[in-house]
Amino acid sequence: MVYAIVRAGGRQEKVSVGDLVTLDRVAAEAGSSLELSAVMLVDGDKVTTGADDLAKVKVTAEVLDHSRGKKIVIQKYKNKTGYKKRQGHRSELTTVKVTSIA
């Protein structure tokens, strides 16, 4: 089984061909392809981690959809002072499908 660890959106994701991965928003149109930088490549028993070897590895993915994540509620409260603050946040996300690891 071939899989790769890629760096995407400040995190690292384990991907193989055909996987759907949700990343932080990528500036690309839906239907276009993008290249993800590999941190590690596993091909059966062979593990590639060297920077010069990984420069040759290409992990390509197709952008499927842009969406927004689940709402996160942030609340701050201080006892006996009457201080309350409430804030919300929704992350901008992109769903991609890994098409090839070469």
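Helices (H or I, at least four residues) and strands (E, at least two) are DSSP runs, numbered from the N terminus. With that in hand, the protein comes to one helix and nine strands, and from the N terminus on its elements run β-β-β-β-β-α-β-β-β-β. What you're looking at is a predicted model, so local features need pLDDT of at least 70 and side-chain atom pairs count only at pLDDT 80 or more, while totals for chains, interfaces and linings use all residues. Residues are numbered from 1 along each chain as its sequence is written, and side-chain values use heavy atoms, with hydrogens and water left out.

Let's start with the overall outline. Along its principal axes, the C-alpha trace of the protein spans about 60 × 30 × 20 Å. The radius of gyration is 19 Å, whereas a compact globule of 102 residues would have one near 13 Å; this radius is taken over C-alpha atoms, and the globule rule is 2.2 Å times the number of residues to the power 0.38. Of the 102 residues, 25% count as buried. Here buried means under 20% relative accessible area, exposed means over 50%, and partly exposed is in between (1.4 Å probe, protein chains only). As for contacts (heavy atoms within 4.5 Å), residues 24 or more positions apart account for 65% of those with a separation of 6 or more.

Now for the inside. In soluble globular proteins, nonpolar side chains tend to be buried together. A nonpolar core is a set of buried Ala, Val, Leu, Ile, Met, Phe, Trp, Tyr and Cys residues joined through side-chain atoms within 4.5 Å. The largest one here has 18 residues, and those with the most contacts inside it are Ala 4, Val 15, Leu 36, Val 59 and Val 96. Strands S1 (2-8), S3 (20-24), S4 (33-43), S6 (59-68) and S9 (92-101) each supply at least two residues of this core, and S4 gives the most, with four. Take Leu 36: setting aside residues up to four places away in sequence, Leu 36 touches Val 6, Ala 8, Leu 23, Val 59 and Ala 61.

Next, have a look at Thr 48, which is found in strand S5 (residues 46-48). Thr 48 is buried, with a relative accessible area of 13%. Not counting residues up to four places away in sequence, Thr 48 touches Met 40, Leu 41, Asp 53 and Leu 54.

Strand S7 (residues 72-78) and strand S8 (residues 83-89) pair in the antiparallel sense over seven bridges; strands pair if DSSP finds at least two bridges between them. One such link joins Ile 74 to its bridge partner in S8, Gln 87. Four residues lie between the two strands, and Lys 80 is found in that loop. Lys 80 has a positive phi of about 70° although it is not a glycine, and it is exposed, with a relative accessible area of 79%.

The loop between S8 and S9 holds Ser 91, which counts as partly exposed at 27% relative accessibility. Leaving aside neighbours within four places in sequence, Ser 91 is in contact with Ser 67, Arg 68 and Gly 69.

Finally, the rings. The charged end of Lys 14 sits over the ring of Tyr 3, 4.3 Å from its centre, and that of Lys 78 sits over the ring of Tyr 83, 5.9 Å from its centre. Sitting over a ring takes NZ of Lys or CZ of Arg within 6 Å of the ring centre and within 35 degrees of the ring normal.
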